[in-house]
Amino acid sequence: VIIKSDYRNTVNVIISEKIPLGIYFDNDIYFLFDKKGEVIDSIDLNNFSPKIELIMFKGNNSLANAKILLEKIPVSFKNEIKVAIFINNRRWDINLKNGLYLKIAENDILRSVENYYKIYNSISDQELQKIDLIDLRMPKKAILKFKDSQND
């Protein structure tokens with residue numbers, strides 16, 4: 001809301017709505033940001049319940065690169081992301097809502113996502129529960145790290 005007055009007889013009230021694209025974490029403070037990458041406002045996550053699920057972005061320059069990531073991935077994959085971490089100013093690590101941790105290729109984000117779906121669709125839910133991390137940074141390869149299991 002912007003309020004302007006000529007201090008005589010006119011008051012102008014301008015109301016603009018910004019739709020949050022994600023949540024940006026910086027210096028222990030959470031911020032909502034819009035599709036232009038502009039910060040809307042700081043928030044308290046304990047008292048914040050958006051109508052839509054928002055991805056949390058972390059890491060140096062993640063705010064500036066969030067729009068690029070979101071433009072390159074399918075909408076269905078966006079809904080699976082819990083946290084996206086920008087690593088070394090060049091690539092993303094992604095925590096999914098299903099508990100998996102993905103290391104995404106630097107220059108081919110879409111290929112990494114497509115390879116994740118190939119792996120996801122080719123294994124059972126029981127096998128999926130045993131996987132901790134999938135490294136998708138190398139073309140035509142995936143490295144799987146399994147959770148520590150004391151009973152195996």
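How many salt bridges does the rule count here? The count comes to eight salt bridges. A salt bridge is a side-chain nitrogen of Lys or Arg within 4 Å of a carboxyl oxygen of Asp or Glu. Side chains of opposite charge can pair when their charged atoms come close.

This is a predicted model, where local features need pLDDT of at least 70 and side-chain atom pairs count only at pLDDT 80 or more, while totals for chains, interfaces and linings use all residues. Residues are numbered from 1 along each chain as its sequence is written, and side-chain values use heavy atoms, without hydrogens and water.

**Stop one.** Select Arg 90 and Glu 106. They form a salt bridge, with the closest N and O atoms 2.7 Å apart. Arg 90 sits in the loop between strand 7 (81–87) and strand 8 (91–96). Glu 106 is in the loop between strand 9 (101–104) and helix 3 (109–122). Helices (H or I, at least four residues) and strands (E, at least two) are DSSP runs, numbered from the N terminus. Arg 90 is partly exposed, at 39% relative accessibility. Buried means under 20% relative accessible area, exposed over 50%, partly exposed in between (1.4 Å probe, protein chains only).

**Stop two.** Select Asp 93 and Lys 103. Their closest N and O atoms are 3.8 Å apart, in a salt bridge. The pair links strand 8 to strand 9. Asp 93 is buried at 2%, and Lys 103 is buried at 18%.

**Stop three.** Select Asp 135 and Arg 137. Their side chains meet in a salt bridge at 2.5 Å, N to O. Asp 135 is buried at 8%, whereas Arg 137 is partly exposed at 36%.
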